[in-house]
Amino acid sequence: MFFSKKNNGLKIIEAAPSLFDSSTETVEGQFQDDLVTVTKMVQDDDGYSTNKKLEIYDTISQISNCKKSERAKYSKKLMKLLK
């Protein structure tokens, strides 16, 4: 029987406040730094399957290439994937 490890999605969400808190204005540099932080944390987390990681990376790519007005949509999608 295979047991999967529990992922650290809530820790990842807490580590990148500029991505998930739309009420605050963030500097672009801080936003990009948080994207890198999330990417590294997902990469090191063994609780996500390879397919789930690919979905997360795709969403990170979308959020990094979209307009500021569309970030809330992708950050909600990313939050759902991380949980």
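Student: Leaving aside neighbours within four places in sequence, which residues is M79 in contact with?
Tutor: Contact means heavy atoms within 4.5 Å. With neighbours within four places in sequence left aside, M79 is in contact with I13 and F20. Do keep in mind that this is a predicted model, where local features need pLDDT of at least 70, side-chain atom pairs count only at pLDDT 80 or more, and totals for chains, interfaces and linings use all residues. Residues are numbered from 1 along each chain as its sequence is written, and side-chain values use heavy atoms, with hydrogens and water left out.

Student: Where does M79 sit?
Tutor: Helices are DSSP runs of H or I with at least four residues, numbered from the N terminus. M79 lies in helix α5, residues 71–82.

Student: Why is M79 called partly exposed?
Tutor: Buried means under 20% relative accessible area, exposed over 50%, and partly exposed in between, using a 1.4 Å probe and protein chains only. M79 is partly exposed because its relative accessible area is 24%.

Student: Which residues of α4 are buried?
Tutor: They are K53, I56, T59, I60 and I63. The arc uses the directions from the helix axis to the C-beta atoms. Down the axis of α4, the buried residues fall within an arc of 125 degrees, so they line one face of the helix. On the face turned away from that buried side are the exposed residues T50, N51, L54 and N65.

Student: What do the buried residues of α4 pack against?
Tutor: They pack against α3 (28–44) and α5.

Student: How do I read the angle between α4 and α5?
Tutor: Axes are lines fitted to C-alpha atoms, for helices over the stretch in contact, and angles run from 0 to 180 degrees between N-to-C directions. Angles under 35 degrees count as roughly parallel, over 145 as roughly antiparallel, 65 to 115 as roughly perpendicular and the rest as oblique. The axes of α4 and α5 cross at roughly 165 degrees and come within 9 Å. Therefore α4 is roughly antiparallel to α5. Among the residues that meet there are I56, I60 and I63 in α4 and Y74, L78 and L81 in α5.

Student: And how do α3 and α4 pack?
Tutor: Their axes are 11 Å apart, at an angle of about 175 degrees. So α3 and α4 are roughly antiparallel to each other. The residues making this contact include F31, L35 and V38 of α3, with K53, Y57 and S64 of α4.

How values were computed:
Helix = DSSP H or I, 4+ residues; strand = E, 2+ residues; numbered from the N terminus.
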